[in-house]
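Here is a briefing on a two-chain complex. Read it with the structure open.

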Amino acid sequence: MTSVAIPRPAIHRAGWLTQTGQVLRRWLIVSMRQAWGPVMSLVQPVIWIVLFGQVFHSLGVLPQFGEAGYIDYLVPGILMMTVLYSGAWAGTGYIDDINSGVMDQYLTSPISRSAIITGQLVQQQVVGLAQSLVVLGIGALAGARYSAGTGGMLVALGVATVLAAIFCCASTAVALISRNQIALISLSQLIVLPATFLSTTMMPAALMPEWVQQISRGNPMTWAVELGRAGLGGSYPEAAWWQLGGLVLLAALAFTWAVRSLRAYQRSI
Amino acid sequence: MSESTAPRSAIEASDLVKIYPGRGRRPAVHALDGLSLAVPEGRVYGLLGPNGAGKSTTTKILTTLSRPTSGSARVAGHDILREPDAVRGAIGYVSQGAGTDPFLTATENLEVAARLRGVSAADARARTIRLLDEFGLAEASARPVRTFSGGMRRRLDVAAALVHRPSVLFLDEPTTGLDPEARAAMWAEIRRLAGEEALTVILTTHYMEEADRLADRLLIVNRGRAVVQGSPGELKAALHGDSVRVTLVEPDPAGVRAAIAGVGGLRDVVVEAAGVGGVLAARTDDASAAVGAVISALDAAGIRYGQVAVSHPTLDDVYLHFVGHTFGEQTPAVTEGAAA
């Protein structure tokens, strides 16, 4: 048997993109081998579209929905809801890594902490994009029309990506702070449902009580849903740039929070 | 210990202190209480001590996983606090947990680990094939790691820690939880690494036999402090004379001590009770005289005993001598260490 170590070439630290790419590679393999996860998360929006589409069908006759009917109104909402729900689970992988010991390997390697976060975030976005395409497809089958065409769909998908980034990063930060699956999932449930219903995801503001309207105006979920709706429909609200700016700012803050939480985790061990 | 050719140190640590702050009603834990050590290059350096002695905490600090509350250390020539990434690039770390992703195959795990640490794609592939071959995992290379046995996983963890050709390898209790066959295989791997590579190995263990077989130098750690350092041979030689061991049946430690108080020529007397059994251990310069006197004394006091053995000092005796005596009465950890 020959020596393992000789020759010993000087090893340079991998570039940030290589590090991120390898973290992404790892998580993509995991998500493919655990295919039931992504598959279930594709089934969920199908159920939502059928369920909400049917239950709230008669809303479509109200004047607030115009001629398009409820399904056109609903699909952008379900699109954002889908990435919101799966994003909220993003932190669970970190808790698994902490419990198994894989996190110790990351933290004792010369890897940028932001590459660890970014690699997994990109994997979440790849899965989220696949889900989003399925939502748009199912929506079309259910009768929704995307009058702004491909460009509009790209806008909606882009907004979904920004919204997903906010919730993936927030979930990651909470995971690294709590280090507890049950705490993370409970907190996600606590936030995700009100975030959905206190927004214009399923119902126009005009049909909501005054106090809910107030809240929904400041709810990032509302911003994302209205931007997505505007993109697919082709007519943008006045506040569109503010809403987009707010979402991007929140995504940047959440990303920073996640990276800082990873550093704080290491300081605590 | 002076050495004529003054080898460079792979690791130098001084006065490491680690305090985990308490929370609520949980008190603060002083995991390390001023530990210093110097590890020469190219050797297997053992950290031996009971559970909770501070071995793993020392490893975590030296691998940059954890920061010391105070104190300093250099690993592979780099300061752990000022140049953590330089240290990280020079070390491999096999923690007590898993180092690999269970859903990835052995090959994927090693390739990702190598690329993350800056190995080029081509080199990572070649290195992966070679390491899997050397660690006897070539046939399992395409299987997800979750299908591996405990011994295979451990070998893969060690292989993963070597992908970037580190100069210092940390093995934190590498054989804990392995069956005897897997343990023997791991010992063979560690010996091979120590012999073939220009590699310094830091091995933490609470198994005497493991420390005795593998470590060129040994540091016994207890309660967050270094107790004694030397090669296993030196440590054993430092205990003059022979060891007398008497296994006891349902012993009353105080009674046993009282019974043999009058026996001359005994040193380092330790009496342990563990369940229904126990052991009386002592050292003496004249074993033949001491054995007879001890047996007579026990008989006279009506103390039941089993086997009586005389031997040259073992690492168990070293451990009892330094840990059992320096730190007062026997603790459960000492009993456990002696039983291993």
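Buried residues account for 44% of the 269 residues in chain A. The model is predicted. Chain A is built from eleven helices and zero strands. The predictor assigns the complex an ipTM of 0.87 and a pTM of 0.84.

**Chain A: overall build**

- Along the sequence, chain A reads α-α-α-α-α-α-α-α-α-α-α.
- Its C-alpha atoms fill a box of roughly 80 × 35 × 30 Å along the principal axes.
- Take the contacts in chain A between residues at least 6 apart in sequence: 81% of them join residues at least 24 apart.

**Chain A: helix α4**

- Helix α4 of chain A spans residues 92-100, and its buried residues are A:Tyr94, A:Ile95 and A:Asp97.
- Viewed down the axis of α4(A), these buried residues fall within an arc of 160°, so they line one face of the helix.
- The cover over the buried residues of α4(A) includes α5 (102-107), α7 (149-178) and α8 (181-197) of chain A.
- A:Gly101 follows α4(A) and has a positive phi, near 110°.

**Chain A against chain B**

- The contact involves 30 residues of chain A and 35 residues of chain B.
- On the chain A side, the elements that give two or more residues are α1 (16-33) and α5 of chain A.
- The largest share of that side comes from α1(A), with eight residues.
- By type, the chain A side divides into twelve nonpolar, eleven polar and seven charged residues.

**Chain B: the open sheet**

- Four strands of chain B form an open sheet in the order β2-β1-β4-β5, with antiparallel pairing.
- The edge strands are β2 (29-40) and β5 (78-79) of chain B, and each pairs on one side only.
- Strand β1 of chain B, residues 9-20, is joined to β4(B) by five bridges, and the two run antiparallel.
- B:Ala13 stands opposite B:Ala73, which is in β4(B).
- Helix α1(B) lies across β1, β2 and β4 of chain B and runs at about 115° to β1(B).

- B:Thr64 is not a glycine, yet its phi is positive, about 70°.
- B:Thr64 sits in the loop between α1 (55-62) and β4 (70-75) of chain B.
- Is B:Thr64 buried or exposed? B:Thr64 has 25 other C-beta atoms within 10 Å, so it is buried.
- B:Glu250, also a residue other than glycine, has a positive phi near 40°.
- B:Glu250 lies in the loop between β11 (242-249) and α9 (253-260) of chain B.
- B:Glu250 is exposed, because 11 other C-beta atoms lie within 10 Å.

**Chain B: helix α9**

- The buried residues of α9(B) are B:Val256, B:Ala259 and B:Ile260.
- Down the axis of α9(B), these buried residues fall within an arc of 85°, so they line one face of the helix.
- An α-helix has 3.6 residues a turn, so residues three or four places apart point the same way.
- Among the elements covering the buried residues of α9(B) are β11, β12 (267-274), β13 (277-284) and α10 (287-301) of chain B.

**Confidence**

- Chain A has an average pLDDT of 89, and 94% of the residues score at least 70.
- In chain A, confidence is lowest in helix α2 (residues 36-55), at a mean of 81, and highest in helix α11 (residues 240-268), at 96.
- Over residues 1-9 of chain A, pLDDT stays under 50, and the model has 14 contacts beyond four places in sequence for them.
- Chain B has an average pLDDT of 86, and 92% of the residues score at least 70.
- In chain B, confidence is lowest in helix α12 (residues 332-339), at a mean of 34, and highest in helix α3 (residues 106-116), at 97.
- Over residues 325-340 of chain B, pLDDT stays under 50, and the model has 28 contacts beyond four places in sequence for them.

Notes:
Residues are numbered from 1 along each chain as its sequence is written. Chains are lettered from A and ligands numbered from 1 in the order in which they are written. This is a predicted model: local features need pLDDT of at least 70, side-chain atom pairs count only at pLDDT 80 or more; totals for chains, interfaces and linings use all residues. A residue is buried if 20 or more other C-beta atoms lie within 10 Å of its own, exposed if 12 or fewer, and partly exposed in between; C-beta atoms are placed from the backbone. The arc is that of the directions from the helix axis to the C-beta atoms. Two residues are in contact if their C-beta atoms, placed from the backbone, lie within 7 Å. pLDDT is the predictor's confidence in each residue, from 0 to 100. Ala, Val, Leu, Ile, Met, Phe, Trp, Tyr, Cys and Pro count as nonpolar, Asp, Glu, Lys and Arg as charged, and the others, Gly among them, as polar. Two strands pair if DSSP finds at least two bridges between them. Axes are lines fitted to C-alpha atoms, for helices over the stretch in contact, and angles run from 0 to 180 degrees between N-to-C directions.
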